[in-house]
Amino acid sequence: MGEKRQANIVVKHIKSEYGANPEFLWPDRYPGYAVFRHDNNKKWFALIMRIPISKFGIYENRQVNVVNLKIVDEVLDCVWQEDGIFPA
């Protein structure tokens, strides 16, 4: 599955599950960065962004889509055990 399609699936899931639409807060500097915020307090809970894959120690000249999620401390131990999960 292509990265763009995966990102679209994540966006649709966030919309349907949490009722949040993506906001593009930095269109000039980071045009593809999509921020999702809670309606009640406007605090962010997810960010979809495109970054160099070298940030993960893979030295190729390409970029990948990543999702940065805010999660509660109680689930951190479970999350870190999953492949493909990295600290922000």
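1. Helices here are DSSP runs of type H or I with at least four residues, and they are numbered from the N terminus. By that reading, asparagine 8 sits in helix H1. The model is a predicted one, and every point below should be read with that in mind.

2. Overall fold. The chain contains two helices and three strands. Read from the N terminus, their order is α-β-β-β-α. The C-alpha trace extends over about 40 × 35 × 25 Å along its principal axes.

3. Burial and surface. The chain has 88 residues, and 20% of them count as buried. Its accessible surface amounts to about 7100 Å², with 52% of that belonging to carbon and sulfur atoms. As for contacts between residues at least 6 apart in sequence, 21% of them join residues at least 24 apart.

4. Charges. There are 12 positive and 11 negative side chains in the chain. The centres of these two sets are 10 Å apart.

5. Salt bridges. How many salt bridges does the structure hold? There are two. In one of them, the side chain of arginine 37 meets that of glutamate 23, with an N to O distance of 2.6 Å. This pair links distant parts of the chain: arginine 37 belongs to strand E1, while glutamate 23 is in the loop between helix H1 (3-18) and E1, 14 residues apart. Arginine 37 counts as partly exposed because its relative accessibility is 25%. Glutamate 23, at 24%, is likewise partly exposed. These two values can be set against the cut-off, since buried means under 20% relative accessible area.

6. The other bridge pairs glutamate 60 with arginine 62, again through their side chains and at 2.6 Å, N to O. Glutamate 60 has a relative accessible area of 43% and is therefore partly exposed. Arginine 62 is also partly exposed, at 40% relative accessibility.

7. Alanine 34. Setting aside neighbours within four places in sequence, its contacts are Pro22, Glu23, Phe24, Ala46, Leu47 and Ile48. One of these, Glu23, is the glutamate that forms the salt bridge with arginine 37. The C-alpha atoms of alanine 34 and isoleucine 14 are 12 Å apart in space, and the two residues are 20 apart in sequence.

8. Lysine 42. Please look at the backbone here: lysine 42 has a positive phi of about 65 degrees, although it is not a glycine. The residue is in the loop between strand E1 (34-37) and strand E2 (44-52). With a relative accessible area of 46%, lysine 42 is partly exposed.

9. Nonpolar patch. Which residues form a nonpolar patch on the surface? They are Val67, Leu69, Ile71, Val72 and Val75, and together they have about 390 Å² of accessible area. Valine 67 is part of strand E3, which covers residues 63-69. Its relative accessibility is 40%, so valine 67 counts as partly exposed.

10. Tryptophan 80. This residue is in helix H2, residues 76-80. At 41% relative accessibility, tryptophan 80 counts as partly exposed. Apart from neighbours within four places in sequence, tryptophan 80 is in contact with Ile85, Phe86 and Pro87. Phenylalanine 45 lies 35 residues from tryptophan 80 along the chain, and their C-alpha atoms are separated by 18 Å.

11. Asparagine 8 again. This residue of helix H1 has a relative accessible area of 40% and is therefore partly exposed. Phenylalanine 86 is 78 residues from asparagine 8 in sequence, and their C-alpha atoms are 21 Å apart in space. Phe86 is also among the contacts of tryptophan 80 listed above.

Methods:
Residues are numbered from 1 along each chain as its sequence is written. This is a predicted model: local features need pLDDT of at least 70, side-chain atom pairs count only at pLDDT 80 or more; totals for chains, interfaces and linings use all residues. Side-chain values use heavy atoms; hydrogens and water are left out. Buried means under 20% relative accessible area, exposed over 50%, partly exposed in between (1.4 Å probe, protein chains only). Contact means heavy atoms within 4.5 Å. Accessible areas come from the Shrake-Rupley method with a 1.4 Å probe; for residues, only the protein chains shown count as cover. Lys and Arg count as positive and Asp and Glu as negative; His and the chain ends are not counted. The place of a charge is taken as NZ of Lys, CZ of Arg, CG of Asp or CD of Glu. Patches are made of residues with over 30% relative accessible area and no salt bridge: like charges are joined within 9 Å, nonpolar side chains (Val, Leu, Ile, Met, Phe, Trp, Tyr) within 5 Å. A salt bridge is a side-chain nitrogen of Lys or Arg within 4 Å of a carboxyl oxygen of Asp or Glu.
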